Amino acid sequence: MAEYNFKTKSPQVDGLFEAILKLETIEECYRFFEDICTVKEIQSIAQRLEVAKLLTLKNTYSEIEKKTGASTATISRINRSLNYGVDGYKIVFDRLDLEEEE
């Protein structure tokens with residue numbers, strides 16, 4: 001994978017990601033994220049991931065809006081990331097074997 005100059009790169013963000021990589025179970029993730037984020041922040045991140053998954057699986061905007069409650073602006077922003085971003089969603093979906101979850 002090509003080197004990328006991340007907009008968010010900093011020692012603090014490195015520390016956050018290193019902490020996340022230490023989590024080993026879903027329960028540990030719940031404990032950590034409920035301490036570090038608000039409920040709304042966790043729900044927003046989860047919604048974005050679900051929208052990206054549905055876009056990858058070729059759902060329409062209206063289907064995604066119905067299934068997730070996300071606005072068309074949010075869906076569009078995520079679609080732009082899928083098409084012109086740095087492949088973060090792709091990395092995760094490849095590792096989750098997205099096609100098997102249909």
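Reader: What should I know about the model before we start?

Author: It is a predicted model in which local features need pLDDT of at least 70 and side-chain atom pairs count only at pLDDT 80 or more, while totals for chains, interfaces and linings use all residues. Residues are numbered from 1 along each chain as its sequence is written, and side-chain values use heavy atoms, with hydrogens and water left out.

Reader: How many helices and strands are there in the chain?

Author: The chain has six helices and zero strands; these are DSSP runs numbered from the N terminus, with helices being H or I of at least four residues and strands E of at least two.

Reader: And what does the C-alpha trace span?

Author: Along its principal axes, the C-alpha trace spans about 40 × 35 × 30 Å.

Reader: Turning to α3 and α4, at what angle do their axes cross?

Author: The axes of α3 and α4 (residues 61-68) cross at roughly 145° and come within 10 Å. Axes here are lines fitted to C-alpha atoms, for helices over the stretch in contact, and angles run from 0 to 180 degrees between N-to-C directions.

Reader: Which residues meet there?

Author: From α3, Gln47, Glu50, Val51, Leu54 and Leu55 meet Tyr61, Ile64, Lys67 and Thr68 of α4, where contact means heavy atoms within 4.5 Å.

Reader: What about burial: what share of the chain is buried?

Author: Of the 102 residues in the chain, 14% are buried, that is, under 20% relative accessible area with a 1.4 Å probe and protein chains only.

Methods: Buried means under 20% relative accessible area, exposed over 50%, partly exposed in between (1.4 Å probe, protein chains only).
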